[in-house]
Amino acid sequence: MNIRNYALLSTALSGFLVASAASAQQTAPASSGDELEAVVVTGFRKSLATALQTKRNDIRVSDGISAEDLGKFPSDNIAEAIQRIPGVQIQNVNGRGATISIRGLGPQYAKVTLNGQDFANPNFIDGFRFDIIQTELASSVQVYKSPTADMDMGGLAGTIDISTAKPLDLSGQKLILSAKGQKAKLAGGGVNPAFGVVYANQYLDGRLGVYAGLNYQELDDRADYAFMDRWYTASGAAGEFSGSVATPQGTLVPRRFRYRRIDRTSKRTQFNAGVEYKATDNLKVGFTGVYSKDATKYNVNQMVFGNFAKSSITPVTVTNGAATAVNLGNFTFDNNRQLEVRNLSTQAYTGYARWDLAPKWQANAVVHYTKGDGYLSEEAAIIEPKIASGVLDISNPDSIKFSMSSAATDPSLYAPSNLSWATYPNGAQNHQVTDSKSAQLDVKYDADWGALHDVQFGGKIKKEGFDRNVTRRDFFDDFFQYVPTYTTSNPKVTNFLDGDITGVDSWLTPDIEAYRKALADKGVTVPALYNPQASYGLSRDVDSLYAMANFRGDLGPVPFRANVGARYENTKQTVNSNLTDGCDCDIQNLLGKISTTSKYDNILPSANVMFDLTDSLILRLAAAKTLVRPILDSSSKLNTTQFEAKDSAGQTTVFVDQGSPTLKPLTAKNLDVSLEWYYGQGAGLSFGAFSKDVKNGTFTSLVCPTSWNNVNLTMNASTNDCTGANGKIYDITVTQNDPSVIKLRGFEVNWQQSLDVWLPIDGFGIIANYTYVDPKYSTTGFSLRNLSRKSGNLTGYWENDKFSARVSANYRSAYEQNSVDSFFAREGHTIKSGVQTDFSASYNLDEHMTLTVAGQNLFNKKEEAYKNTPSIWQETGVFGPSYQVSFVYKMQ
């Protein structure tokens with residue numbers, strides 16, 4: 001999106017809002033001059049005011065988002081809503097906000113809780129997936145950037161707490177019905193429906209409260225990606241590539257070029273309920289339960305061109321360190337269609353009690369259980385035809401050009417006589433389960449001893465587990481006996497990259513049903529075989545104790561509040577993994593089991609101080625030590641894994657991931673200082689500076705030892721490949737702790753302002769924030785990826801009793817990724833800076849009914865990446881805008 005488009009939209013919206021507001025004021029009945037009208041803030045403005053007041057009252061450094069009404073969160077996606085909080089950045093999957101980072105640290109460094117307790121992640125190697133829960137769950141979301149001693153550790157970057165509705169805090173009977181239609185522009189099919197119902201009421205003279213919500217949603221989306229998966233690094237030797245154009249040493253030359261289109265269909269169901277009972281004036285008990293399920297089907301179509309042999313590449317244009325136009329001869333490509341099923345669910349159940357033991361003593365008890373369950377399966381058919389010639393031109397990143405001598409839509413291209421390789425089925429089945437059981441007791445004593453207001457202490461026991469079980473189904477059709485005949489009736493991809501690529505933009509894809517039938521007709525059954533090298537289990541016992549004191553008083557003429565405490569956590573971790581024979585094969589032979597136990601304990605101090613410099617000006621200071629236990633992501637497996645694959649050029653690559661069961665926890669020393677000015681109703685301006693010193697950061701690197709499994713290895717400087725004496729390429733990765741300290745420094749600015757005092761029409765306002773992060777990278781390995789040094793949000797809104805509208809622009813600067821962070825960054829890339837613009841407008845038909853229209857990514861922001869320098873194209877991804885229309889009926 002460019003600034004001109006945003007300005008045009010803002011101007012048009014402002015004109016509409018001003019006209020609507022003027023009309024509304026002209027038709028409003030005149031009020032008596034003797035009446036004093038109370039200012040009643042509702043809807044979006046109420047949610048802003050509530051969030052700002054929560055921030056002001058909290059002893060911690062925090063920011064949050066509050067629901068506009070019961071079951072009405074100010075966004076269609078929780079991740080997209082909280083990206084408006086300073087320091088928060090989101091990562092998208094197919095255009096949906098999926099995971100978040102806080103202050104430059106990736107999704108795995110943030111802890112997500114539900115009402116202060118663990119919230120299990122069904123796919124625990126990716127960071128918490130916010131896109132599997134629906135926004136109706138949340139009454140508020142708070143991001144805590146400085147902890148207190150009574151909080152669970154596990155959020156090195158911060159803690160995101162999702163709060164659900166508390167039945168005794170709601171007044172009267174409420175019944176809310178909602179219906180929604182959504183359409184992603186690039187996705188096929190019609191409008192996706194969504195429905196919801198919420199009920200709340202109180203009984204027994206307000207001593208018993210109940211709440212229940214049920215939601216169902218269907219979502220279709222699509223994303224297209226073109227990217228350079230691999231490069232050659234020219235040695236500078238004469239004749240290294242074909243033709244006469246020189247490729248000086250260090251020149252990047254295209255080696256493997258890829259298309260990837262992802263169509264997703266999701267069905268999401270969510271149920272949450274709560275009950276609270278005030279048994280006596282001194283005892284309140286409650287229970288909350290949440291179950292959320294996301295069943296998504298992926299239809300992934302890929303074209304993998306190359307690995308191109310050096311002799312097949314004729315550079316045509318070399319500029320800025322890269323061959324940006326090349327002619328290609330005698331190569332093959334993989335036509336790969338993969339059907340995936342990803343069934344993810346998360347559930348959490350909490351029982352709690354608050355008991356006023358005596359005039360100055362209070363106890364809180366909590367028992368909690370949460371479970372995340374993820375099943376992911378892959379079923380791929382891959383066919384590899386031969387091509388005589390092609391032309392690739394990436395000189396203009398906005399107009400990639402690729403052509404082949406044979407049309408990818410021609411069925412004869414896929415005749416067995418023109419094939420070099422084929423396989424079906426091919427893929428893994430991955431079942432991941434994580435769960436956590438805990439019990440805690442907190443006791444508070446209201447001391448009132450001078451400045452000491454109260455003391456609090458408590459303990460918690462927790463058992464958590466992570467289990468990963470993997471099987472594979474692979475069948476290689478070396479003689480093409482089971483390849484169905486390709487016809488013009490085969491499934492077909494069209495309009496790839498939404499018109500942003502010239503040449504090959506359509507192709508026939510494998511018909512999975514035909515492949516299934518071909519095997520069945522010949523009585524071939526391919527079993528799912530246990531994959532021991534990719535399976536493991538991990539269990540942790542975490543016992544913790546804490547004590548903290550809260551102070552209130554005056555430092556001279558300045559009132560202050562303070563919190564000082566320390567938390568002790570003892571962790572015992574056991575990893576159960578498999579010992580395999582290390583063969584160069586997809587599934588290694590199981591030789592036995594390995595159990596590795598490690599123990600460590602940590603003392604984690606924290607302090608938070610607030611000074612009320614004036615009635616509206618607050619100075620806030622915070623210091624704390626935080627930790628996150630060893631991260632499980634797609635690269636840090638707990639036992640050594642190994643498998644091999646052959647590419648379209650016939651090159652076999654052995655992929656090895658060395659196990660890392662004894663990684664140390666990451667720790668950080670945190671300092672915060674902020675100055676906050678609350679100068680009006682729902683208005684505030686704050687500036688905060690922060691620092692983090694991170695130790696024991698983990699990093700994954702490719703290594704090339706002198707040998708592996710008795711095969712001698714050497715590094716090829718030209719191809720950057722670790723090559724074995726047997727002719728195979730070895731991709732060997734290892735994950736380890738970095739002993740150095742990474743220093744992270746930054747600042748945040750946040751402004752929230754009603755424009756009523758400046759404009760003749762009430763209801764206008766703006767929200768703006770900006771974050772700058774400056775990382776000091778390690779020289780020994782650990783680095784902060786997915787980190788944008790600059791990020792910000794600007795939201796303009798207008799609201800009265802009938803109308804509400806807002807437009808938001810979210811900006812993040814360029815950020816680096818590698819293969820751990822993105823499928824599209826095998827050799828590393830940098831995502832370009834960008835702005836995404838979203839819009840929402842609603843109209844209250846009457847006191848019961850509301851109609852809302854909304855749109856995300858209105859100007860079709862793309863995911864664009866470069867290699868080394870902005871002039872070298874590496875990736876273009878498009879997912880297009882999406883639109884929603886919703887209707888809410890509220891009875892109360």
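**Disulfide.** I took a disulfide to be a pair of cysteine sulfur atoms within 2.5 Å, and with that criterion I found one disulfide in the structure. I was working with a predicted model, in which local features need pLDDT of at least 70 and side-chain atom pairs count only at pLDDT 80 or more, while totals for chains, interfaces and linings use all residues. I kept in mind that residues are numbered from 1 along each chain as its sequence is written, and that side-chain values use heavy atoms, with hydrogens and water left out.

I noted that the bond runs between cysteine 704 and cysteine 722, with an S to S distance of 2.1 Å. I then placed both ends, using helices (H or I, at least four residues) and strands (E, at least two) as DSSP runs numbered from the N terminus. Cysteine 704 sits in the loop between strand E31 (698-703) and strand E32 (707-708), and cysteine 722 in strand E34 (residues 721-724), so the pair ties together parts that are 18 residues apart in sequence. I read the torsion about the S-S bond of cysteine 704 and cysteine 722 as about 75°, so the disulfide is right-handed.

For exposure I used relative accessible area, with buried under 20%, exposed over 50% and partly exposed in between (1.4 Å probe, protein chains only). Cysteine 704 came out as partly exposed at 27%, whereas cysteine 722 is buried at 4%.

**Lysine 463.** I located lysine 463 in strand E18 (residues 452-476), and its relative accessibility of 48% makes lysine 463 partly exposed. Counting contact as heavy atoms within 4.5 Å, and leaving out residues up to four places away in sequence, I listed Asp435, Ser436, Lys437, Arg540 and Asp541 as touching lysine 463. I also recorded a polar contact of 3.2 Å between the side chains of lysine 463 and aspartate 541; the term means a pair of N or O atoms within 3.5 Å, where within protein one must be able to donate a hydrogen and the other to accept it, and residues adjacent in sequence count only if both atoms are side-chain atoms.

**Sheet.** I treated two strands as paired if DSSP finds at least two bridges between them. I traced an open sheet of five strands with mixed pairing, in the order E1-E6-E7-E4-E5, and its edge strands are E1 (62-66) and E5 (117-118), each pairing on one side only. E1 and strand E6 (residues 140-144) run antiparallel and are joined by five bridges, and I noted glutamine 142 in E6 as the bridge partner of glycine 64.
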